Amino acid sequence: NNSHAFFKHGLSLNVEFILGFATLHINCNIFDPFFSLIVSSAQQGEVESCTRRKVKRLLSFQRYCHASRLLRGLVPHTPGSLHLLDDDYLGQAAHMLSKVGTWNFDIFLFDRLTNGNSLVMLMCHLFNVYDLVHHFQLDIVKLHRFLGMVQEDYHSQNPYHNAVHAADVTQAMYCYLQEPKLAEQLSPLDVFLGLMAAAAHDVDHPGVNQPFLIKTQHHLASLYQNTSVLESHHWRSTVGMLRESGLLSHLPADMSGDIEAQLGSLILATDISRQNEFLSTFREHLDNQDLDLQLASHRHFILQIALKCADVCNPCRVWELSRQWSERVCEEFYRQGDLEREYDLEISPLCNQQADTVPVIQIGFISYIVEPLFVEWHRFTDPSPLSLTMMGHIHKNKACWNNLRCAAHTPTHSPTEEPEPEGGDEEVDDEIP
Ligand SMILES: *[C@@H]1O[C@H](CO)[C@@H](O)[C@H](O)[C@H]1NC(C)=O
Ligand SMILES: [Zn+2]
C-alpha cells in the first residue's frame, strides 16, 4: 500500500524539515554555511561533499522516494523518455493538442498517448501558443528542466493529486484564459502566471489533507503553523524548482521576486478553507460591477478565481470524465481513512469507505463548493457559451449522482428499471444547451 510509504520515510522527512525551514528563512547564497550549522557533526563529512544541487534535491519527499526506489534497484519513471514512444501515439497526441481549447478534451487519453508526460507536453504547447518563450526570453533547456521537475514531483501513486490532475487544471485554466471577457485584457505576464500556477498548484501533494498532517504532527504543519500547510508547501516547492532550474535567473531580481510572490498568491488561493472569503469578494465585485480589468490588481484577483474554478471544475466536465475524477478523489480520501483506522486516529469526514459513498460525497461537493463558485463565474462571463456548457454539466452530473445514490438504497426488484431520483430534483430534467 503506497500510503504507508508516507510513514516509512519519517527519517527523511526530518531532514526535509530542517532544509525546508532553511529555504524559507535564508537566502541561497548563505545556504551552504547555514546548512553545515544545522546538521549534526556525524553527518558533516557527507554533507560537505554534497553540491548545493544535491542538497536541494532532498527538499522534496517525492524526490526522496525516487532515490529510495533507485536504491532498491527499481527504475523510476523518467518523463524524458519520449524517444521510446510510438510515432503514431505522438501523432495522435499532437492532433489532440490542436484542440486543446475544447472543453471535452480527454486529459486521461492525452496522458496515455504521451506516456505520462501530459503536463510537460501541455505546458510546452501552451507556452508556444502564447509565444511566452520569446516574450520572456526563456532558455528552452531550463524550461524543460523546470517542467520535468514539476511533473516528476507530483506523486504518481496518488489516485487524484497527481500530474494528470495538474494537467487537467492547466487545460481548464487555458479555457478560462480564452474567455472573451478576459482574453483581450490579459498581459503575457498574466498568462504566464496563470499557466505556471495551474501546473504547479498541487506539486508534491502527499495524498492526505491538512487536518491529517496536523494531527500526525507532520513537520510541514509546524513549519507553516497549521495554516494553508499544503498550499504553502506547493508554492515553496515551486519556488525551489524555479531557482534550481534557473528559469528566471536572467530576469531582474525584482521581477523574478514579483513572479514568485504572485505565484504564491495564486496557489494559496486554492486553499478550500478560504472559499467563502474569495466567493464573497467576487460576489461583491459583481454586484457593484466595479471590476476593472485594466487594473493589474483586479486581473490578479480574477486569475485567483479562475484557478480556483479550474481546480474544482471536475463536475463541470462531461459525465464520463467527471465520473473518473470523482472516483479517484474518493479513493484518495478512503486511503487516508484506512491509514487513520490503522493508526487508531479518528477517521476524517468523507474518508470512511463504509459510511461515505461516492455519490453522497460528490453531491455535497457540488452543492457546497462547485455550484456557488460557478454561479458567480457564470455571471462574470456574461454568461459565455463555455459557462452555459459547464452549468449544464454540473446539473446533469449532480442528477446522475442522485440517481446512483438512490439506486444504492433501492431494493433491486427489477434491476433493469431506471432508478428514480428522490423528490424535488428538478435537475434531472435539465438538458445541456
Ligand atoms: C497546530 O495544531 C496542533 C494540534 O491542534 C497544536 O498542538 C499546535 O500548537 C498548533 N500549532 C500552531 C503553531 O498553531
Ligand atoms: Zn488541485
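**Entry 1: Val164**

I listed the contacts of Val164 and found Ile107, Phe108, Asp111 and Ser118, leaving out residues up to four places away in sequence. I count two residues as in contact if their C-beta atoms, placed from the backbone, lie within 7 Å. Val164 sits in helix H12, residues 163–177. Helices here are DSSP runs of H or I with at least four residues, strands are runs of E with at least two, and both are numbered from the N terminus. I put Val164 down as buried because 24 other C-beta atoms lie within 10 Å. The cut-offs are 20 or more other C-beta atoms within 10 Å of a residue's own for buried, 12 or fewer for exposed, and partly exposed in between, with C-beta atoms placed from the backbone.

**Entry 2: basis of the model**

I note that this is a predicted model, in which local features need pLDDT of at least 70, side-chain atom pairs count only at pLDDT 80 or more, and totals for chains, interfaces and linings use all residues. Residues are numbered from 1 along each chain as its sequence is written, while chains are lettered from A and ligands numbered from 1 in the order in which they are written.

**Entry 3: whole chain**

I counted 23 helices and zero strands in the protein chain. Of its 433 residues, 36% count as buried. Among contacts with a separation of 6 or more, 73% are between residues 24 or more positions apart.

**Entry 4: annotated positions**

I checked the UniProt record, an unreviewed entry, which lists His161, Asn162, Ala163, Val164, His165, Asp202, Asp311 and Gln362 under "binding site". The record also places the feature "active site" at His161. Positions from UniProt are in the numbering used here, feature names are shortened, and annotations may be inferred rather than shown by experiment.

Where does His161 lie? I found His161 in the loop between helix H11 (140–153) and H12. His161 is buried, because 23 other C-beta atoms lie within 10 Å. Leaving out residues up to four places away in sequence, its contacts are His155, Asp202, His205, Gly207 and Glu332.

I then went to Asp202, in the loop between helix H14 (188–200) and helix H15 (210–215). Asp202 has 25 C-beta neighbours inside 10 Å and so counts as buried.

**Entry 5: helix H22**

I traced H22, residues 358–381, and noted a kink of about 40° at Val370, shortly before the proline Pro372. The bend at a residue is the angle between axes fitted to the seven residues ending there and the seven starting there. Val370 is one of the buried residues of H22, which include Gln362, Phe365, Leu373 and Trp377. The elements covering these buried residues include helices H13 (180–183), H19 (275–288), H20 (296–311), H21 (319–342) and H23 (385–409).

How do H21 and H22 pack? I noted an angle of about 105°, with the axes 10 Å apart. The two helices are therefore roughly perpendicular to each other. Ser326, Glu327 and Cys330 in H21 meet Val358, Ile361 and Gln362 in H22. These residues divide into three nonpolar, two polar and one charged.

I looked at the loop between H22 and H23, where Asp382 and Pro383 lie. Phi of Asp382 is near 105°, a positive value in a residue other than glycine. The peptide bond from Asp382 to Pro383 is cis, with omega near -5°. I noted both because most residues other than glycine have a negative phi, and most peptide bonds are trans. Asp382 counts as exposed, because 10 other C-beta atoms lie within 10 Å.

**Entry 6: two further loops**

I found another positive phi, about 60°, at Asp131, which is not a glycine. Asp131 is in the loop between helix H9 (118–129) and H10. With 11 C-beta neighbours inside 10 Å, Asp131 counts as exposed.

Asp139 has its place in the loop between helix H10 (132–135) and H11. Asp139 has 16 C-beta neighbours inside 10 Å and so counts as partly exposed. Its C-alpha atom is separated by 6.9 Å from that of Leu247, 108 residues apart along the chain.

Terms used:
Axes are lines fitted to C-alpha atoms, for helices over the stretch in contact, and angles run from 0 to 180 degrees between N-to-C directions. Angles under 35 degrees count as roughly parallel, over 145 as roughly antiparallel, 65 to 115 as roughly perpendicular and the rest as oblique. Ala, Val, Leu, Ile, Met, Phe, Trp, Tyr, Cys and Pro count as nonpolar, Asp, Glu, Lys and Arg as charged, and the others, Gly among them, as polar.
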